[in-house]
Amino acid sequence: MKITNAYVNITSPGRNFVTLKVETDEGIYGLGDGTLNGREMAVASYLTEHLIPSLIGRDPFQTEDIWQFFYRGAYWRREPVTMAAIAAIDLALWDIKGKALNTPVYNLLGGKSREGVTVYCHATGENIDAALEDVARHKEMGYKAIRVQCGIPGLATTYGITHGPGRYEPAERGLPSESAWSTEMYLRQVPKLFARVRETFGEELHLLHDCHHRMTPIEAARLGKELEPFHLFWMEDPVPAELQEGFKLIREHTTTPIATGEVFNSVWDAHDLIRNQWIDYLRMTLVHGGGITHLKKTADFAALYHVRTGFHGATDLSPVTMAAALHFDTAIHNFGIQEHMPHTDETDAVFPHHYTYKDGAMYPGDAPGLGVDLDEKLAAKYPYQRAYLPINRKLDGTMTEW
Ligand code: CS2
Ligand code: MG
């Protein structure tokens, strides 16, 4: 089999997605996701200008060699744009391989280790009472694991919180907006939130919280300690993770489990975190971490150190990544949990798929390959629109993490 053609599709059914379609001489095609929130056009151009020309003519079954060719061949290794572009190719090739062998991708990764993939959803509210109502609503929907975030008194907006009716979408159209942030106010509010959640819903529900990289290690250590009585499933992204030793300090002070890595793009970003057992869950997912080929090796390495996966699954991970993640989660041994932030109906219509949700779990389906398609005619109705994540400044105007 030979790759005869490949091209990038950019569509914005509510938010932007970059999809790669790879075609072969046997009529089988594969889809890969290359979406990088707020930097979509950079990945599209990297693919079109630099990778696709070298992809044509290759054997799509050679997933390992093609991965190494694009990773090593660039000389300039790693970083998100490169790794998302390589991931797009890698996912498309695994999709082709599954279709050609007439089997779902999970069978190419070891077969089923579990039937359903436990997922967590997002409950949010502008205040604690509203967040509790949203937890109750998601519990009704069958979720057994819920991430809880709420507004911070004194701050006009808080990242990750739905404002008004309609779905929450992290990226905002137009140029990036700026909002105010105060770690002191945040640290006062979060323990109160989880005390109320446990008081209302009891011990059984898995509770998660995303700190969005906004603390220093010692502040995160304090939060982790104060949350210990509420037995969180995890505290996510407590600090910016460029400084991996920062997690050592947090770890020395708290038994609250820690998840990080949604912004990572290679095993090297998590190398110290894993081998020193400073984290419990790795969030680097397929599209940002070089695809199935690289994530399989990373997950196997993490397994040696009791680190489980907890893949990022926000709406900027397209249905192609979601499908691939569910195959991966179904197969690997050290799966922990999968984030599930449902896409809009418009997005689901552009990407018809076989994966399903039921009672707190998701299932990849049994279609050959990844089991997801792209309706290119419908996609064409939603042209790219510039959109970015908001930027935070502390109350004194200093820049801080988003
Ligand atoms: C969040 C995301 O889902 C999460 O854990 O951190 O909203 C994240 O900020 C966006 O996906 C960034 O693109
Ligand atoms: Mg997060």
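## Terms and basis

A residue is called buried under 20% relative accessible area, exposed over 50%, and partly exposed in between, with a 1.4 Å probe and the protein chains only. The model is predicted: local features need pLDDT of at least 70, side-chain atom pairs count only at pLDDT 80 or more, and totals for chains, interfaces and linings use all residues. Residues are numbered from 1 along each chain as its sequence is written, chains are lettered from A and ligands numbered from 1 in the order in which they are written, and side-chain values use heavy atoms, with hydrogens and water left out.

An N or O atom in the side chain of E339 is 2.5 Å from an oxygen atom of ligand 1. The corresponding distance for N37 is 2.8 Å, and for a polar side-chain atom of R283 it is 3.0 Å. Of the 340 Å² of accessible area that ligand 1 has on its own, the protein covers 96%; these areas come from the Shrake-Rupley method with a 1.4 Å probe.

## Helix α1

Helices (H or I, at least four residues) and strands (E, at least two) are DSSP runs, numbered from the N terminus. Helix α1 spans residues 40-55 and has a kink of about 40° centred on T48. The bend at a residue is the angle between axes fitted to the seven residues ending there and the seven starting there.

The buried residues of α1 are E40, V43, A44, Y46, L47, L51, I52 and L55. Their cover includes strands β1 (3-11) and β2 (17-24) and helices α2 (63-73) and α3 (80-100). After α1 comes G57, with a positive phi near 95°.

## Two buried strand residues

T11 lies in strand β1 and is buried, at 0% relative accessibility. A polar atom of the T11 side chain lies 2.9 Å from the backbone oxygen of A379, and one lies 3.4 Å from the backbone oxygen of Y382. Apart from neighbours within four places in sequence, T11 is in contact (heavy atoms within 4.5 Å) with N16, F17, V350, F351, A379 and Y382.

S179 is in strand β7, residues 178-181, and is buried with a relative accessible area of 17%. Beyond four places in sequence, S179 contacts T157, P390, I391, N392 and R393. S179 and L395 are 216 residues apart in sequence, yet 9.3 Å apart in space, C-alpha to C-alpha.

## Positive phi in two loops

Most residues other than glycine have a negative phi. Q277, however, has a positive phi near 55°; it sits in the loop between α9 (267-275) and β11 (281-282) and is partly exposed, at 40% relative accessible area. H306 has a positive phi near 60° and belongs to the loop between α10 (291-303) and β12 (308-311). H306 is exposed, with 65% relative accessibility.

Methods:
Polar contact = N/O pair within 3.5 Å; in protein donor to acceptor, adjacent residues only side chain to side chain.
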